[in-house]
Amino acid sequence: MIQGMLGDQETDENGPVTHVKADQPQREEWCDRRDGVHHRPDARRSELPGTIPVGAYRSYRHNGRWESEDVSLSPEDGRNLLVTDEWLTYEVDAREAGSHEITLRVAAADGFGGGAVGFVVDDDPRARIAFDATGGWEQWGTVTTQLDLPRGVHTLRVVVLEGGWKLDCLQIA
């Protein structure tokens, strides 16, 4: 089920596109090689509403880009570039059932053309949102949609449907 999008709306061949609202914080970028899934069993459950840093995931499926198991995604280290078919899982505790606003803080260079992300709650696809480029790797912006969550503890999977962008954090209200 695809939830409604917020912000300026237009469509392309893949459906609705939401424009990113720009801001300016600076970050570095680089990546190396490794295969598999990176698990962080020590990751804490995030209570909602709240802000979840990109590196607070429980598991991260990547495309063989990181060199060691003990290195997590981190904007401070420039390890937050996401590519197509990667995903991150977060354990969240929704204090109230209902529609929650989910905001991603993203950066995407013009040459990469933005991206698309899907949200899966407890193995149930819930929402998809596409967004345009922010103007550069250091040009951060936000993109927002609605996500229905039942009350209680859930696994939230953020699936990169179209990659080539950076993620700083998720804010769920």
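## The nonpolar core

A nonpolar core is a set of buried Ala, Val, Leu, Ile, Met, Phe, Trp, Tyr and Cys residues joined through side-chain atoms within 4.5 Å, where buried means under 20% relative accessible area, exposed over 50% and partly exposed in between, with a 1.4 Å probe and protein chains only. This is a predicted model, in which local features need pLDDT of at least 70 and side-chain atom pairs count only at pLDDT 80 or more, while totals for chains, interfaces and linings use all residues. Residues are numbered from 1 along each chain as its sequence is written, and side-chain values use heavy atoms, with hydrogens and water left out.

The largest nonpolar core has 31 residues, of which Leu88, Tyr90, Phe119, Leu156, Trp165, Leu167 and Leu170 touch the most other members. At least two residues of this core come from each of strand 9, strand 10, strand 11 (115-121), strand 12 (124-131), strand 13 (140-149), strand 14 (152-162) and strand 15 (165-172); strands here are DSSP runs of E with at least two residues, numbered from the N terminus. In soluble globular proteins, nonpolar side chains tend to be buried together. Not counting residues up to four places away in sequence, Tyr90 has contacts (heavy atoms within 4.5 Å) that include Ile52, Val54, Tyr57, Leu156 and Leu170.

## Aromatic rings

Rings of Phe, Tyr and Trp (its six-membered ring) pair if their centres lie within 6.5 Å, with planes under 30 degrees apart counted as stacked, over 60 as edge-to-face and the rest as tilted; the count comes to three aromatic pairs. Phe131 and Trp165 are edge-to-face, because their ring centres are 5.1 Å apart and their planes stand at 80 degrees. Since Phe131 lies in strand 12 and Trp165 in strand 15, the pair ties together parts that are 34 residues apart in sequence. Phe131 is buried at 2% relative accessible area, and Trp165 is buried at 0%.

A charge sits over a ring if NZ of Lys or CZ of Arg is within 6 Å of the ring centre and within 35 degrees of the ring normal. Arg157 is placed in this way over Trp87, 4.0 Å from the ring centre, and Arg40 over Tyr57, at 5.6 Å.

## Salt bridges

The structure holds eight salt bridges, each a side-chain nitrogen of Lys or Arg within 4 Å of a carboxyl oxygen of Asp or Glu. One of them joins Arg95 and Glu47 at 2.9 Å, N to O, and links distant parts of the chain, with Arg95 in the loop between strand 9 (87-94) and strand 10 (98-107) and Glu47 in strand 5 (residues 46-48). Arg95 also forms a salt bridge with Asp93, at 3.7 Å between the closest N and O atoms. Arg95 is partly exposed at 41%, whereas Asp93 is buried at 11%.

Notes
Helices (H or I, at least four residues) and strands (E, at least two) are DSSP runs, numbered from the N terminus.
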